[in-house]
Amino acid sequence: MNALLKSSFTIPFGILFLFQVSLCTSQQLQSVDFTEENAFTGGIEGPAVDQEGNLYAVNFAENGTIGKVTPDGEASVFVKLPGKSIGNGIRFDTEGNMFIADYTGHNVFQVKKGTAKVSVWAHRSDMSQPNDLAISPNGTIYLSDPNWVENTGRLWMVDATRQIVLLEEGMGTTNGIEVSPDGRHLYVNESVQRIVWKYDITAEGKIANKTKFLTFADFGMDGMRCDEKGNLYITRYDKGTIAIVSPEAVLIKEVQLKGKKPSNIAFGGANGKTCYVTMADRGCFESFRADYAGAQYKRIH
């Protein structure tokens, strides 16, 4: 410590100032607990924030539920899904309606704003496991569909008639999925293969021009979200970090979490700059402050 303090006086002022700013930014991105540990099961997933600032995730207290967390961090059961259904991804549209990917029942559920009534919005029995979902600015829903046994996956969309349409098959384990803020691109990751793919979204809502956006040499990936600038926040499962990547596929920074198994991420808080991360190994939310608001947050507020 003494040696470090002593050497700091020899650093030119401009460099020292940049170093101090860097420290402040790093401190801003420290993760803290937002909910009590193990309040959710190990299946905690699908975080999403409504227009009133409430946070939601699947599997509060028991599997098959949707938990609601107030801005003050108080958690309770919001709804219980019907039958043996278990949710995964959750998203809100611009009207405040909630959509839930039901991986056991092969449904996309809707909960209309202001209600706690769960109804089937779309269904397709031959999906493997509808996992995460993303909603484009025009309301089109995209679904990842991994087959974990075979390490394969597919992509689907829900069209204007509420039919689930196959976009691509023969992929790796499709998992995290997100639409760019301008609605022009779709990002999908393959967890086992450690690849993030980027597509153009056509005028009809379908996908084209698939390119390899990013690869990682180690650890897995789960959920992903974009901020308003188009930066992609990728949960690094088993590594315990959030990788923040620019639209040019440059790693900007990596946020260290307390747990090791982040399963997904959402933006909320007073100005949309609070990141809420679901932690599968801790059964809780961790949170940190980001530099920019979330893209979906900006769409619904």
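**Side-chain contacts in a predicted model**

A search of the whole structure finds 16 salt bridges, a salt bridge being a side-chain nitrogen of Lys or Arg within 4 Å of a carboxyl oxygen of Asp or Glu. Please bear in mind that this is a predicted model, in which local features need pLDDT of at least 70 and side-chain atom pairs count only at pLDDT 80 or more, while totals for chains, interfaces and linings use all residues. Residues are numbered from 1 along each chain as its sequence is written, and side-chain values use heavy atoms, with hydrogens and water left out.

I begin with R225 and D132, whose salt bridge has its closest N and O atoms 3.5 Å apart. R225 lies in strand β18 (residues 224-226) and D132 in the loop between β9 and β10 (133-135), so this pair ties together parts 93 residues apart in sequence. Strands here are DSSP runs of E, at least two residues, numbered from the N terminus. Both R225 and D132 are buried; buried means under 20% relative accessible area, exposed over 50%, and partly exposed in between, with a 1.4 Å probe and protein chains only.

The next salt bridge joins K210 and E168, at 2.8 Å from N to O. Because K210 belongs to strand β17 (residues 207-215) and E168 to strand β13 (residues 164-171), the pair ties together parts 42 residues apart in sequence. K210 is partly exposed at 33% relative accessibility, whereas E168 is buried at 18%. K210 also lies over the face of W197, 4.2 Å from the ring centre. For such a contact, NZ of Lys or CZ of Arg must be within 6 Å of the ring centre and within 35 degrees of the ring normal.

A network of salt bridges links D33, E37, K258, R282 and E286.

I now turn to the aromatic rings. The structure holds nine aromatic pairs; rings of Phe, Tyr and Trp (its six-membered ring) pair if their centres lie within 6.5 Å, with planes under 30 degrees apart counted as stacked, over 60 as edge-to-face and the rest as tilted. F40 and F285 form an edge-to-face pair, 5.7 Å centre to centre with 90 degrees between the planes. This pair links strand β2 (residues 40-49), which holds F40, to strand β24 (residues 284-289), which holds F285, across 245 residues. Both F40 and F285 are buried.

Finally, which residue has its charged end over the ring of W121? That residue is R162, 4.1 Å from the ring centre. W121 itself is partly exposed, with a relative accessible area of 24%.

Conventions: Helix = DSSP H or I, 4+ residues; strand = E, 2+ residues; numbered from the N terminus.
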